[in-house]
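Student: I am new to this structure and would like a close look at one part of it, the salt bridges. Could you take me through them with care?

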Amino acid sequence: MFMCACEHCQKATGSGHSAAAVLREESVTIVGETRSFTQPANSGAAFTRNFCPQCGTPIWARSSRWPDAVILPVGIFGADTDWFVPSQVIFARSHRDWDWLPDALPRYLTYRDEETL
């Protein structure tokens, strides 16, 4: 579980960061039609966002960096998000001062180092 302050997430959410949970693909079931948009991330990965074609709500995403993982925007769970406890802010290099995040969260300029995963 993390917050991402990359410029792509800022544009996708209309805020200063996204809040996301990463799960293994086999533990997630998506029901219904989605449409997708893929773009290159600043990290060099291909990032695909999947959304509802009826209302535009972001449903799930995938990064070529984590091919067996599904990234879920926490907002899709509505008020049932007490389980969400972010462990870090990634891409803090583009975090905006006006977007307040807890000071105690570790911040990484891009991704955290592999040896700390």
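Tutor: What follows is a walk through the salt bridges, pair by pair. This is a predicted model, in which local features need pLDDT of at least 70 and side-chain atom pairs count only at pLDDT 80 or more, while totals for chains, interfaces and linings use all residues. Residues are numbered from 1 along each chain as its sequence is written, and side-chain values use heavy atoms, with hydrogens and water left out.

Side chains of opposite charge can pair when their charged atoms come close. A search of the whole structure finds three salt bridges, a salt bridge being a side-chain nitrogen of Lys or Arg within 4 Å of a carboxyl oxygen of Asp or Glu.

In one of them, Arg96 meets Glu7 at 3.1 Å, N to O. Because Arg96 lies in the segment after β7 and Glu7 in helix α1 (residues 7–13), this pair ties together parts that are 89 residues apart in sequence; helices (H or I, at least four residues) and strands (E, at least two) are DSSP runs, numbered from the N terminus. Arg96 is partly exposed at 29% relative accessibility, and Glu7 is partly exposed at 38%, where buried means under 20% relative accessible area, exposed over 50%, and partly exposed in between (1.4 Å probe, protein chains only).

Another salt bridge joins Arg62 to Glu25, with the closest N and O atoms 3.1 Å apart. Arg62 belongs to strand β5 (residues 58–63) and Glu25 to the loop between β2 (18–24) and β3 (35–40), so the pair ties together parts that are 37 residues apart in sequence.

Glu33 and Arg35 also form a salt bridge, at 3.4 Å, N to O, and Arg35 is partly exposed, its relative accessible area being 45%.
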